[in-house]
Amino acid sequence: MNTNKLPGFDSVQLTVLVDNEAYLEGLGSTWGLSIYVEAEIDGFKRKVLMDTSGSYDVLTYNSSKLRVDLSAVEAIFISHWHGDHCGCLKEVLEVLKPETPVYVPSLNRGGVKAIEEAGGKAIICSKPESFLGGFLSTGCLGRWTKEHSLLIKLANSEFILLTGCAHPGVINIIEHSQNLLRNFRLKAVIGGFHISGRREGLAVGEFMKRNNVEIVSPCHCTGTDAKRAIAEVLGDNYARCGSGKSFQFRVM
């Protein structure tokens with residue numbers, strides 16, 4: 001795929017609404033993940049919710065505290081069909097505009113029906129799918145758990161990668177993206193890595209280092225030993241995550 005055809009955003013702000021741990025004092029945490037994305041191009045902002053977590057109470061409480069207006073979300077990206085990533089999707093859709101697109105990795109008849117009954121429009125990303133300008137689904141990956149990840153293009157042609165649980169393997173997802181996109185340059189990787197041990201963490205950390213990834217922030221289903229190992233390898237390029245953590249990217 002020619003990345004030149006994808007518009008790049010001048011700035012991107014990510015806000016972790018829900019994670020297993022709280023980054024800011026006073027925010028809620030629960031087993032799950034939800035990240036709010038606000039991306040700007042030519043003064044116009046696009047707003048996407050990546051996963052909803054499984055707790056509408058925690059999601060709405062943290063959103064209120066962080067002053068994130070969920071009703072302004074234009075599209076929802078669901079990484080995979082597990083309840084800790086899409087369990088409260090129905091409740092979220094009910095506060096959004098009718099026909100809000102929901103990008104999902106595979107056909108789940110019950111899930112698609114629930115989306116339609118809540119007023120949303122399911123878009124199945126079995127293959128890579130771009131939307132709202134510089135957002136791109138990697139396409140469905142994984143043999144057992146079907147999952148896709150979210151790529152966000154910056155105006156300088158660098159990419160931010162958001163993973164839900166990375167069941168297909170975070171290294172595999174990145175290598176798939178390298179094969180998918182010409183001149184692929186990865187700025188940041190944020191999300192669940194689905195690893196737990198030190199050895200796995202060292203391998204992921206070394207891979208990120210070889211690929212010159214500037215910001216690596218594992219959360220959700222990434223074990224403590226794995227996080228410590230990644231941090232050990234990456235040093236200042238490692239960022240602790242949690243509910244309330246924010247990331248800002250701006251192309252000068």
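Let's start at H220, which is buried, with a relative accessible area of 4%. By buried I mean under 20% relative accessible area, with exposed being over 50% and partly exposed in between, using a 1.4 Å probe and protein chains only. A word on what we're looking at: this is a predicted model, so local features need pLDDT of at least 70, side-chain atom pairs count only at pLDDT 80 or more, and totals for chains, interfaces and linings use all residues. Residues are numbered from 1 along each chain as its sequence is written, and side-chain values use heavy atoms, with hydrogens and water left out.

Back to H220. Its phi is positive, about 50°, although H220 is not a glycine. You'll find H220 in the loop between strand 12 (215-219) and helix 7 (224-234).

S157 sits in the loop between strand 9 (150-153) and strand 10 (158-163).

Okay, zooming out to the whole chain. We have seven helices and 13 strands. The radius of gyration is 17 Å, close to the 18 Å from the globule rule for 252 residues, so the chain is as compact as a globular protein of that length. That radius is taken over C-alpha atoms, and the rule is 2.2 Å times the number of residues to the power 0.38. Along the principal axes, the C-alpha trace spans about 45 × 40 × 40 Å.

Of the 252 residues, 54% count as buried. The chain exposes about 11200 Å², and carbon and sulfur atoms supply 45% of that; those areas come from the Shrake-Rupley method with a 1.4 Å probe, and for residues only the protein chains shown count as cover.

On contacts, meaning heavy atoms within 4.5 Å: among those between residues at least 6 apart in sequence, 67% join residues at least 24 apart.

And charges: 27 positive and 27 negative side chains, with the centres of the two sets 4 Å apart. Lys and Arg count as positive, Asp and Glu as negative, while His and the chain ends are not counted. Each charge is placed at NZ of Lys, CZ of Arg, CG of Asp or CD of Glu.

Now some buried spots. A75 is in strand 4, residues 75-77, and counts as buried at 1% relative accessibility. Which residues does A75 touch, leaving aside neighbours within four places in sequence? The list is K47, V48, L49, T100, P101, Y103, F131 and L132. As for E25, it's 50 residues from A75 in sequence and 29 Å away in space, C-alpha to C-alpha.

Then S149, in the loop between strand 8 (135-137) and strand 9. S149 is a buried serine, with a relative accessible area of 1%. With neighbours within four places set aside, its contacts include F77, L136, L161 and I173.

Over in helix 6, residues 198-210, we have M208. M208 is buried, at a relative accessible area of 0%. Beyond four places in sequence, M208 is in contact with V170, I174, V189, F193, V213, V216 and L234. A188 is 20 residues away from M208 in sequence and 9.4 Å away in space, C-alpha to C-alpha.

Last stop, the cysteines. How many disulfides are there? The count is zero, with a disulfide taken as a pair of cysteine sulfur atoms within 2.5 Å. Take C125: the closest cysteine sulfur is in C140, 9.2 Å from its own, and that's too far for a bond. C125 is buried, at 0% relative accessibility, whereas C140 is partly exposed at 22%.

S126 is partly exposed, with a relative accessible area of 49%. Leaving out neighbours within four places, S126 contacts P105, G139 and C140.

Terms used:
Helices (H or I, at least four residues) and strands (E, at least two) are DSSP runs, numbered from the N terminus.
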